[in-house]
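The chain is shown below.

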Amino acid sequence: MAARRMDLILAMFVALGGLSLARAEPPVAPAPPAEAAPVEPGLALIQGRCVGCHEVGFILQTRRSATEWGDIVSEMVGRGADLTDDEAAQVRTYLEKNWSTPAKAP
Ligand code: HEC
């Protein structure tokens, strides 16, 4: 009897484990490797001013919507990224142009 109850408990664990695996979805917007980032002035700014706190690879690991990039750049300036308004705009434009999620079909 006790053994059967253990089987039942085991089966529940397996089922729950299966469920949580099924929920582990792939990245929403996988990005190309950071090395593939087009060499434009915005990239130099990212390489120069955004890497005090985390690596370029961390920034470029996910594509994001243009709106998200705008919010993130503002947030990072708030956190202390050393960018003038013009430079922040360049970084935002660079990320929007090269690293955003494809525009949604209308
Ligand atoms: C003063 C330190 C600092 C600088 C400089 C900085 N960041 Fe960040 N960044 C952070 C911190 C702290 C986080 C939050 C990490 C976390 O949530 O685990 C973060 C998170 C991020 C994230 C992930 C946000 C998310 O919600 O997934 C991105 C993308 C990012 N930074 C981009 C940038 C870019 C682009 C720049 C340059 C314009 C920059 N960061 C400069 C501190 C900084």
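In this predicted model, the axes of α4 and helix α5 (residues 85-98) come within 9 Å and cross at roughly 150°. Angles over 145 degrees count as roughly antiparallel, so α4 is roughly antiparallel to α5. The crossing in which α4 passes α5 is right-handed.

On the α4 side, the contact is made by A66, W69, G70, V73 and V77. Their counterparts in α5 are A88, V91, R92, L95 and E96. By class, the residues of this contact divide into seven nonpolar, one polar and two charged.

The ligand is surrounded by 15 residues, of which C50, C53, M76, G80 and A81 are the closest. The largest contribution comes from α4, with four residues.

The table sets out the class composition of the two groups of residues.

| Group | Nonpolar | Polar | Charged |
|---|---|---|---|
| Contact of α4 with α5 | seven residues | one residue | two residues |

As for the chain overall, it contains five helices and zero strands, and its pattern along the sequence is α-α-α-α-α. Of the 106 residues in the chain, 14% are buried. Among contacts between residues at least 6 apart in sequence, 72% join residues at least 24 apart.

Notes. Residues are numbered from 1 along each chain as its sequence is written. This is a predicted model: local features need pLDDT of at least 70, side-chain atom pairs count only at pLDDT 80 or more; totals for chains, interfaces and linings use all residues. A residue is near a molecule or strand if its C-beta atom, placed from the backbone, lies within 6 Å of it. Helices (H or I, at least four residues) and strands (E, at least two) are DSSP runs, numbered from the N terminus. Axes are lines fitted to C-alpha atoms, for helices over the stretch in contact, and angles run from 0 to 180 degrees between N-to-C directions. Angles under 35 degrees count as roughly parallel, over 145 as roughly antiparallel, 65 to 115 as roughly perpendicular and the rest as oblique. A crossing is left-handed if the near helix is turned anticlockwise from the far one by less than a right angle, and right-handed if clockwise. Two residues are in contact if their C-beta atoms, placed from the backbone, lie within 7 Å. Ala, Val, Leu, Ile, Met, Phe, Trp, Tyr, Cys and Pro count as nonpolar, Asp, Glu, Lys and Arg as charged, and the others, Gly among them, as polar. A residue is buried if 20 or more other C-beta atoms lie within 10 Å of its own, exposed if 12 or fewer, and partly exposed in between; C-beta atoms are placed from the backbone.
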